[in-house]
Amino acid sequence: MTDSNKALFKSDKTWTLFLDRDGVINQRPPNDYVKDWAEFIFLPGVLEAMPLLTKNLRYIIVVTNQQGIGKNLMRVDDLMDIHNRMKDEIRRAGGHVDAIYFCPDLATKSANCRKPGLTMARLAQTDFPDINFEKSIMVGDTVTDMQFGKAAGMLTILVGNPDESIPSGMADLRFDSLLEFAKSLVAND
């Protein structure tokens, strides 16, 4: 990590963290969707990372594409149950999630709210008007997460998914896990 990047990790309660869900917070089922709580499995270290992130950032916002709803594989109520239980577990571990935004649209829908489009970022900024995208970090595990962050002017962090091919300059930094990122954030406090 370069010195200029270290400065971006200085603990500053004016920064907002945008997190993808599947592949960052929980295991991404291969060729499937997390359709109910029984299928939701936190990735190792996430519950340890969340209190560190909560302590060092103003807001933690989850932004997640959930086309399983658009494919009629699950209902919005199923997703809300998963998210409520996820937030409860994170809270019990000492962390916090300020808001979760999801897009149920199919990727094939011409006008949709999915990442890399900025609909979910704009909704977050409407609900939390003091969010400054130039003082925001997008942590994700896919190209679309990185494109979302870059399009909004955020710092982009790729976690996990070593097989993901990311175009040069799309991810500002790369970490093996959310916990590794959280520890780096705290180390530069």
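Figure 1. Helices here are DSSP runs of H or I with at least four residues and strands are runs of E with at least two, numbered from the N terminus. Starting at the N terminus, the order reads α-β-α-β-α-α-β-α-β-α-β-β-α. The radius of gyration is 15 Å, close to the 16 Å that the globule rule gives for 189 residues, so the protein is as compact as a globular protein of that length; this radius is taken over C-alpha atoms, and the rule is 2.2 Å times the number of residues to the power 0.38. Of the 189 residues, 47% count as buried (buried is under 20% relative accessible area, exposed over 50%, partly exposed in between, with a 1.4 Å probe and protein chains only). This is a predicted model, where local features need pLDDT of at least 70, side-chain atom pairs count only at pLDDT 80 or more, and totals for chains, interfaces and linings use all residues. Residues are numbered from 1 along each chain as its sequence is written, and side-chain values use heavy atoms, leaving out hydrogens and water.

**Figure 2. Helix α7 and the elements it packs against.** Spanning residues 178–187, α7 has Leu-178, Leu-179, Phe-181, Ala-182, Ser-184 and Leu-185 as its buried residues. Their packing partners are the strands β1 (16–19), β4 (136–140), β5 (155–159) and β6 (173–175), plus helix α2 (46–56). Contact means heavy atoms within 4.5 Å.

**Figure 3. Asn-56 sits in helix α2.** With 6% relative accessibility, Asn-56 counts as buried. A polar atom of the Asn-56 side chain lies 2.7 Å from the backbone oxygen of Leu-52. For a polar contact, think of a pair of N or O atoms within 3.5 Å; within protein, one must be able to donate a hydrogen and the other to accept it, and residues adjacent in sequence count only if both atoms are side-chain atoms.

**Figure 4. A cis peptide bond joins Lys-115 and Pro-116.** Omega is about 20° here. Look for Pro-116 in the loop between β3 (99–103) and α5 (119–127). Most peptide bonds are trans.

**Figure 5. Asn-31 has a positive phi, and so does Asn-72.** Most residues other than glycine have a negative phi. Asn-31, with phi about 55°, is in the loop between β1 and α2; at 86% relative accessibility, Asn-31 counts as exposed. Asn-72, with phi near 60°, belongs to the loop between α3 (67–70) and α4 (76–92). Asn-72 counts as exposed too, at 70% relative accessibility.
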